[in-house]
Amino acid sequence: GLLLQAQAAQLARDRVEAGKAFAAMLRYPETEFLGIRGMLLLASRGEAPAGTDVLALAERAHALKPDTGWAADTLFDLKARGGAFDDAESILKRAVRTGALTRLDADRKRAILWHQRSAMAEAEGLDGDALRYQRRAADLTSDFPPIALRLSMLELKGDNLRRARAALEHALAHSSHPELVTAYARLGGTAEDPLKRVARMERLLKLAPRSPEVRIGLADAEMAAGLWGMARRHLEEAHATLNGDAPAGLFRRFAALEIAEHGDREAEMHWLRTAAEARSDEQWTCRGCGSSAQQWIERCRACGAFDGLEWRSPGAVSAPPPVYSAVPEAPLGG
């Protein structure tokens, strides 16, 4: 009866009656878990009854079924939101043991926790702790650019150029993300000799010989050094590697090159028209709500999803956010 009542209230979009039904389900062992899931769904939409203790409900769900992925994710997310990082990490370790999460997924979440801790430590002026925490984050994931970017920045802050370069090179061997390429180009500072920067950027071709992002970054350095022919060659190689799916930014570089090398306005306009018809440049975009961010952050500012941002061209939503901000949409399915 209560299950049908909750389903009917959901279909009628009557959140008050749905809340009453889910709350009543909490009193019976056979419906308790489903009731908790329903209450958490209402809470994720801001529709839970006043006074609902979301954390207590998440702890209760996790205690009932620790091997259920959404229950572990929800409790982890709430603990992380509250800054209870040790508790959040313990939840992840248990989730791996019970099979609720893969080790790969758990390690990425743990890395982001240490990344958050590092940012908090730096904000408090504890640069040594910030660096130590960020190194721990980097040890947990080798292919996530924001982790390596922050580690490199902290190493530079501590005047350790060698370690800063190594952090980026290690990450670039796994992911030739354009933000990593840009950070590598800037290692020498704004006063660096342009030819010296080109020489350093050429090292990246050995790490990622098939990467269009590396070729584009190298072309940027070459244009800054006035090496027009080399820049054109690397832009053309990047274009060929992308197999007709080049983003607008690549064509804008061709336009800039035509002006810098030849002062050719007609050729510039050709490339700018091509850029206008090309796909948008990639940016950090939430896979849950589709909103964009200038840089990666732990939570989407629009929907609150933890680790919801992915690097892609803006457009259609690709998948729901993974945790509490989107407790599964079918709360009565077990």
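**Cores, sheet and aromatic pairs**

Setting aside neighbours within four places in sequence, Leu-113 is in contact with Phe-76, Ala-80, Phe-85, Ala-88, Glu-89 and Leu-92, contact being heavy atoms within 4.5 Å. The model is a predicted one, with local features needing pLDDT of at least 70 and side-chain atom pairs counting only at pLDDT 80 or more, while totals for chains, interfaces and linings use all residues. Residues are numbered from 1 along each chain as its sequence is written, and side-chain values use heavy atoms, with hydrogens and water left out.

Leu-113 turns up again in the largest nonpolar core, which has 53 residues; Phe-76, Leu-113 and Leu-309 are those with the most contacts inside it. (A nonpolar core is a set of buried Ala, Val, Leu, Ile, Met, Phe, Trp, Tyr and Cys residues joined through side-chain atoms within 4.5 Å; buried means under 20% relative accessible area, exposed over 50% and partly exposed in between, with a 1.4 Å probe and protein chains only.) There is also a second, separate core of 17 residues, with Leu-180, Val-181, Met-201 and Val-214 among its members.

Strand β1 (residues 283–286) pairs with β2 in the antiparallel sense over 2 bridges, and Thr-285 has Ser-292 in β2 as its bridge partner. Strands here are DSSP runs of E with at least two residues, and helices are runs of H or I with at least four, numbered from the N terminus; two strands pair if DSSP finds at least two bridges between them.

The loop between β2 (292–293) and β3 (309–312) holds Glu-298. This residue is buried yet has no salt bridge, and the nearest side chain of opposite charge, Arg-150, is 7.1 Å away. (A salt bridge takes a side-chain nitrogen of Lys or Arg within 4 Å of a carboxyl oxygen of Asp or Glu; Lys and Arg count as positive, Asp and Glu as negative, and His and the chain ends are not counted.) Beyond four places in sequence, Glu-298 touches Ile-112, His-115, Gln-116, Ala-305, Phe-306, Asp-307 and Gly-308.

Aromatic rings supply 7 pairs, where rings of Phe, Tyr and Trp (its six-membered ring) pair if their centres lie within 6.5 Å, and planes under 30 degrees apart count as stacked, over 60 as edge-to-face and the rest as tilted. Phe-33 and Trp-70 count as tilted because their planes are at 40°, with ring centres 5.4 Å apart. That pair links distant parts of the chain, 37 residues apart: Phe-33 is in helix α3 (residues 32–44) and Trp-70 in helix α5 (residues 69–81). Both Phe-33 and Trp-70 are buried.

Phe-254 and Trp-271, by contrast, are stacked, at 4.4 Å centre to centre and 15° between the planes. Since Phe-254 lies in helix α15 (residues 248–262) and Trp-271 in helix α16 (residues 265–277), the pair ties together parts 17 residues apart in sequence. Phe-254 is buried at 4% relative accessible area, and Trp-271 counts as buried at 19%. Together with Phe-251, Phe-254 and Trp-271 form one aromatic cluster.

Leu-227, in the loop between α13 (212–224) and α14 (228–241), is partly exposed at 24% relative accessibility. Not counting residues up to four places away, Leu-227 touches Leu-195, Val-198 and Glu-222.
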